[in-house]
Amino acid sequence: MVGHSVCRQPGLFPDPQPPRPPLVVAYGLGVDSTALLIGLKERGIRPDLILFADTGGEKPATYAYLPLMQSWLRDVDFPPVITVRYRPRWASYRTLYENCWQNETLPSLAFGRKSCSLKWKRQPQDQYVRSWAPARAAWNAGCKVRKLIGFEAGEEYRRYGDQGNDPAYDYGYPLMDWEWTREICQRVISGAGLPVPPKSACYFCPASKKPELVQLSVDHPQLFQQAVSLEDRYRAGKHWRGAAASTVGLGRRFSWRQFAAEVALPRSPTPSITQGDSLYAETECRPQPKSRRGQLW
Ligand code: SF4
C-alpha cells in the first residue's frame with residue numbers, strides 16, 4: 001500500500017506537527033520505475049526524493065532518457081532525479097566497468113552473486129539518504145524513511161525488503177500492489193505522453209539475454225567490444241580458473257566472444273573504456289561489510 005502515514009515521536013508531549021515519513025523513490029530509468037513515478041502522480045502522491053544510482057555502464061538510450069524524465073518531473077511538480085554514484089575511498093576506478101577491469105574480474109552476477117548491484121546501486125543511494133536532512137529528521141523522530149521500488153507484478157520473489165526488520169526503511173512495491181505487469185507499465189508510460197524507455201542495465205550485464213547481445217552489437221558495436229574485452233581480461237587474469245570453471249565468461253556458462261563468433265556479430269575495431277555520464281553527484285562510500293540483504297533491483 002502506498003500513502004503517507006504519520007510518524008509520531010515518542011514522548012510526554014504531543015507533537016503539534018508530527019512529521020510524515022519522507023518518501024524516496026529508487027529510480028532505475030527503466031520501464032518499471034518510470035511507470036511507478038507516473039502511477040504516483042496519478043494517485044496524488046509526491047515523492048520527496050528520487051534517486052538514480054549510476055554505475056557508469058548504462059546504455060546510451062538510458063542516459064538519453066534522463067533529460068526527458070527530468071522535464072516530465074518538472075511539469076508535474078515532482079522533485080528532479082538526483083544521480084548518485086559509488087566512489088571508492090582509495091581506488092581510482094569511477095565506474096563498475098573500471099572496477100571490474102582493474103580487478104581483472106566480471107560483475108559479480110556472473111559468479112551468482114549480487115554485490116555489483118549492492119555496491120553500485122543500493123549503497124550510493126543509502127549513502128545519500130544518510131546525509132539527507134528529511135531522513136535524519138525522520139530517524140531522529142523515531143520513524144523510518146519510506147522507500148519505493150519499482151518491481152513489477154509477478155516479481156513478488158523480490159519483495160524481501162518487506163520484512164519490516166530494517167531499522168532505517170519501510171519498503172514499498174507499488175507496482176505489485178497495483179498489479180501492474182510490464183505490459184501495463186508500458187501502456188501507462190505511453191498514456192502519459194512519454195516514450196517507453198529501454199530496459200535499463202549495464203551494457204556488460206551478465207543477465208543479458210542472447211537477443212540483447214545481438215541488439216547491443218548492432219546498436220553499439222563499440223560497447224559490445226568493450227564488454228568482450230572485459231571478458232578477455234578476466235579469462236587472462238588472476239581469477240580465471242580454466243574453461244571447466246562454472247563462469248566461463250559474461251554469459252556465465254558461455255563466453256560473449258564465443259557467442260559473437262558463432263553468430264558472426266559485427267565488430268568494432270577501436271574499443272575504449274567509457275566513463276559514462278559525467279553529470280552525477282558522487283557519494284563517497286567506504287567499503288561496506290558484506291550484507292545479507294538482497295539486491296534491490
Ligand atoms: S545491471 Fe547487471 S552488471 Fe549492472 S549492477 Fe545490475 S546486476 Fe550488476
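Two strands count as paired if DSSP finds at least two bridges between them. I note this at the start for the strand entries below.

**Entry 1: the model as a whole.** I am working with a predicted model. I looked up the confidence, and the protein chain averages a pLDDT of 86, with 81% of the residues scoring at least 70. Over residues 270-297 the pLDDT stays under 50. For that stretch the model has 56 contacts beyond four places in sequence. I counted secondary structure next and found 10 helices and 6 strands in the protein chain. Of its 297 residues, 39% are buried. I also checked contacts with a separation of 6 or more, and 78% of them join residues 24 or more positions apart.

**Entry 2: strand β4.** I asked which residue of β4 stands opposite Val25. The residue is Leu148. I then looked at β5 (residues 169-172), which runs parallel to β4 and is joined to it by 4 bridges. Here Leu148 stands opposite Gly172.

I checked burial along β4 (residues 145-149) as well. Because 5 of its 5 residues are buried, the strand is largely enclosed by the rest of the structure. Val145, Lys147 and Ile149 cover one side, and Arg146 and Leu148 are buried on the other.

**Entry 3: helix α2.** I tested the length of α2 (residues 60-75). At 1.5 Å a residue its 16 residues should span 22 Å, and the end C-alpha atoms are 24 Å apart, which agrees. The expected span uses one less than the number of residues.

Which residues of α2 are buried? I found Thr62, Tyr65, Leu66 and Met69. An α-helix has 3.6 residues a turn, so residues three or four places apart point the same way. The buried residues of α2 pack against α1 (31-42) and β3 (81-87). After α2 comes Asp77, and I read its phi as positive, near 60°.

**Entry 4: the ligand.** I listed what surrounds the ligand. The shell holds Thr55, Leu96, Pro107, Leu109, Cys116, Ser117, Trp120, Lys121, Ala201, Cys202, Cys205 and Ala207. Where does the largest share of this shell come from? Helix α4 (residues 115-130) supplies it, with 4 residues. I sorted the shell by class and got 9 nonpolar, 2 polar and 1 charged residues.

Key. Residues are numbered from 1 along each chain as its sequence is written. This is a predicted model: local features need pLDDT of at least 70, side-chain atom pairs count only at pLDDT 80 or more; totals for chains, interfaces and linings use all residues. A residue is near a molecule or strand if its C-beta atom, placed from the backbone, lies within 6 Å of it. Helices (H or I, at least four residues) and strands (E, at least two) are DSSP runs, numbered from the N terminus. Ala, Val, Leu, Ile, Met, Phe, Trp, Tyr, Cys and Pro count as nonpolar, Asp, Glu, Lys and Arg as charged, and the others, Gly among them, as polar. pLDDT is the predictor's confidence in each residue, from 0 to 100. Two residues are in contact if their C-beta atoms, placed from the backbone, lie within 7 Å. A residue is buried if 20 or more other C-beta atoms lie within 10 Å of its own, exposed if 12 or fewer, and partly exposed in between; C-beta atoms are placed from the backbone.
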